[in-house]
Amino acid sequence: MHTYTEPPVEVEDLAVTYGRVTALAGLSLRIEAGTVMGVLGPNGAGKTTLIKVLSTLLRPSRGTARVMGHDVVRDPLPVRLAIGLAGQYAAVDPELTGRENLEMVGRLYRLPRAEARRRAGEVLERFDLTAAADRRAGTYSGGMRRRLDLAASLTGRPPVLLLDEPTTGLDPRSRQELWAIVDELRTEGTTVLLTTQYLEEADRLAQRIAVVDAGTVIAEGAPAELKAGVGTDILRVRLAEPGTLTAATPLLADLAAAGTAVLSDPSNSELTVRVARPDASVEALRRLDDGGLRVATIQVTQPSLDDVFLTLTGRTATTEESR
């Protein structure tokens, strides 16, 4: 159990610029001990840049970042010893076996050789890689390499774990297994910063969520708090005939809550409306029927993190590519 009492991760007014491009623009964030902080943001929002700064891979242009009380610029070695890192892509040596990869990581954490070997065996078993432990990592499937990379991030039992879209490339079963492991680590006291493109993942794992856009935090809170902030239910109407979206939109316009509009998604013939009236679905169905438009499905739901994200940024969450 990690017993550090101050916030293990503290970021203040962090800025990173690449020439004329601003990746982070005064981002501030505190992560309390033993919690999972989910970081959500549209493509290019700066999520991966934040991970790179916290892992000492990138020097900030302005501001400070501390991990377990150590400044990432002035005191990088203790920071590296305090973190486990799994990036967007598996970073394993294909010429080494799975076991050798993990033992090497253990030695980088300055573990004695016997202890590094013992911990390698533990995480191999935890990630269901024992049977393949003595095969070259280059022979592993993509999902196996991803699991090996995640196993490497835990070999040193770090108090802070940085996970940058950790379940990319994993099948549903492996994703569920990773979620269980993250839950276990949190209950053991590990502090986790998780960036993800899967809103369900953030909702499932994170005690707090920070929404990042244009390099700064635009909203932060518990998942339930962020959903409550949307303030309206969501009416979703899927039409039976794709060509009728344009005709349907004005029929539902005045059902939309103040300051919102009917959103159209031609890819699945769906209209989405933020509504504040309890009879919205009945009224929408009546209007569409009067207009001669056939409805395939209609439902009113509580706001999801996807709705929060869209409300705050005007965009949907997508995979981070370059920042």
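How are H3 and H4 oriented to each other, roughly parallel or oblique? H3 and H4 are oblique to each other, a class left for angles that are not under 35 degrees (roughly parallel), over 145 (roughly antiparallel) or 65 to 115 (roughly perpendicular).

## Basis of the model

This is a predicted model, in which local features need pLDDT of at least 70 and side-chain atom pairs count only at pLDDT 80 or more, while totals for chains, interfaces and linings use all residues. Residues are numbered from 1 along each chain as its sequence is written, and side-chain values use heavy atoms, with hydrogens and water left out.

## Overall architecture

The protein chain contains 11 helices and 14 strands; helices (H or I, at least four residues) and strands (E, at least two) are DSSP runs numbered from the N terminus. Its C-alpha atoms fill a box of roughly 75 × 45 × 40 Å along the principal axes.

Of the 323 residues, 49% are buried (under 20% relative accessible area, with exposed over 50% and partly exposed in between; 1.4 Å probe, protein chains only). Among contacts (heavy atoms within 4.5 Å) between residues at least 6 apart in sequence, 70% join residues at least 24 apart.

## Helices H3 and H4

Helix H3 (residues 98-108) packs against helix H4 (residues 113-126) at an angle of about 130°, with the axes 8 Å apart. Axes are lines fitted to C-alpha atoms, for helices over the stretch in contact, and angles run from 0 to 180 degrees between N-to-C directions. The crossing of H3 and H4 is right-handed, the near helix being turned clockwise from the far one by less than a right angle (anticlockwise if left-handed).

On the H3 side, Arg99, Leu102, Glu103, Gly106 and Arg107 take part; their partners in H4 include Arg113, Ala116 and Arg117. This contact comprises 5 nonpolar, 2 polar and 5 charged residues. Ala, Val, Leu, Ile, Met, Phe, Trp, Tyr, Cys and Pro count as nonpolar, Asp, Glu, Lys and Arg as charged, and the others, Gly among them, as polar.

Arg287 belongs to H10 (residues 280-290) and is buried, at a relative accessible area of 16%. Beyond four places away in sequence, Arg287 touches Leu251, Asp254, Leu255 and Arg277. The side chains of Arg287 and Asp254 are joined by a polar contact of 2.3 Å (a pair of N or O atoms within 3.5 Å; within protein, one must be able to donate a hydrogen and the other to accept it, and residues adjacent in sequence count only if both atoms are side-chain atoms).
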